[in-house]
Amino acid sequence: MGPVRTASRDPRLTRASAVWKTFWPGLVGAAGAVAMVTAFFLLPLDGLGPRRPALSWTLFILALVLVAILLLRQVVHVMLGLPNIRPGLVIPLLMTLSILVFASTYLSLAQLPGELVGLDTRLDALYFTLVTLATIGYGDITPHGQTARLVTILQIVYSFIFLTAAATALTNYFRTTLSHREKPRPPE
């Protein structure tokens, strides 16, 4: 019999495995983000808003603080280069969650007359959140009430601090991971 070729010695399989290890967390993260957005459109959120303001504000603040802490943890882990972290999986999910927290809050605020003019549906809430995040501001949905303006300011500051840091850490993580994998190995 000839020499036995194992999968670990085949350079094509090794390279494919390395690429898969790099990008599978992103694929799982994307699937998780799709699941969260789907849940946003399907979950009954009618119990929040003006009918239960204390519960609504408590959930909003707790969700933002929790997501911010988890995002900062991921950023620090990437900066320190800690092994066995999964920022490609965790950061996109946390970023999506923070966007959906703001969209849910805008949806709740829109139940109050005059707070958010032009925001009527969940898609409107998600759209307004993303337009605010991207600093586009088309003007078709506008925060007229003081509470809506406060939440919009919070979103801008939150995005500037936490989402920008998370996106930068994720980019650095992928850049570092790919550069380490592309370096030629010394011959054995």
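## Report on a predicted helical chain with two strands

From the N terminus on, the elements of the chain run α-α-α-β-α-β-α. That gives five helices and two strands, both taken as DSSP runs numbered from the N terminus (H or I with at least four residues for helices, E with at least two for strands). The model is predicted, so local features need pLDDT of at least 70 and side-chain atom pairs count only at pLDDT 80 or more, while totals for chains, interfaces and linings use all residues. Residues are numbered from 1 along each chain as its sequence is written, and side-chain values use heavy atoms, with hydrogens and water left out.

### The chain as a whole

Of the 188 residues in the chain, 35% are buried. Here buried means under 20% relative accessible area, exposed means over 50%, and partly exposed lies in between (1.4 Å probe, protein chains only). The chain exposes about 11,900 Å², and carbon and sulfur atoms supply 68% of this area. Accessible areas come from the Shrake-Rupley method with a 1.4 Å probe; for residues, only the protein chains shown count as cover. Among contacts (heavy atoms within 4.5 Å) with a separation of 6 or more, 71% join residues 24 or more positions apart.

### Nonpolar core

In soluble globular proteins, nonpolar side chains tend to be buried together. A nonpolar core is a set of buried Ala, Val, Leu, Ile, Met, Phe, Trp, Tyr and Cys residues joined through side-chain atoms within 4.5 Å. The largest one in this structure has 36 residues, and L71, Y106, L119 and Y158 have the most contacts inside it. Helices α2, α3, α4 and α5 (146-182) are the elements that give two or more residues to this core. The most come from α3, which gives eleven residues.

Y106 touches L116, L119, A125, F128, T129, A148, V151, T152 and Q155, when residues up to four places away in sequence are not counted.

### Aromatic pairs

The structure holds nine aromatic pairs. Rings of Phe, Tyr and Trp (its six-membered ring) pair if their centres lie within 6.5 Å; planes under 30 degrees apart count as stacked, over 60 as edge-to-face and the rest as tilted. Two of the pairs are as follows.

| Pair | Centre to centre | Angle between planes | Class |
|---|---|---|---|
| F40 and F41 | 5.2 Å | 75° | edge-to-face |
| F60 and F102 | 5.7 Å | 80° | edge-to-face |

F60 lies in helix α2 (residues 53-80) and F102 in helix α3 (residues 87-109), so this pair ties together parts that are 42 residues apart in sequence. Both F60 and F102 are buried. In the other pair, F40 is buried at 4% relative accessible area, whereas F41 is partly exposed at 34%.

Ring pairs also link W57, F60, F102, Y106, F128, Y158 and F162 into a cluster.

### Surface patch on the nonpolar side chains

W57 is found in helix α2 and is partly exposed, with a relative accessible area of 32%. Together with I61, V65 and I69, W57 forms a nonpolar patch on the surface, with about 360 Å² of accessible area in total. Patches are made of residues with over 30% relative accessible area and no salt bridge; like charges are joined within 9 Å, and nonpolar side chains (Val, Leu, Ile, Met, Phe, Trp, Tyr) within 5 Å. A salt bridge is a side-chain nitrogen of Lys or Arg within 4 Å of a carboxyl oxygen of Asp or Glu.

T132 has its place in helix α4 (residues 122-133) and counts as buried at 12% relative accessibility. Leaving aside neighbours within four places in sequence, T132 is in contact with T152, Q155 and I156. L130 lies in helix α4 as well, but is partly exposed, at 40% relative accessible area.

T135 is found in the loop between α4 and β2, and is exposed, with a relative accessible area of 64%. Its phi is near 55°, a positive value in a residue other than glycine. Most residues other than glycine have a negative phi.

P143 belongs to strand β2 (residues 142-143) and is buried, with a relative accessible area of 18%. P143 and E115 are 28 residues apart in sequence and 5.9 Å apart in space, C-alpha to C-alpha. Not counting residues up to four places away in sequence, P143 touches E115, L116, F128, A148, R149 and T152.
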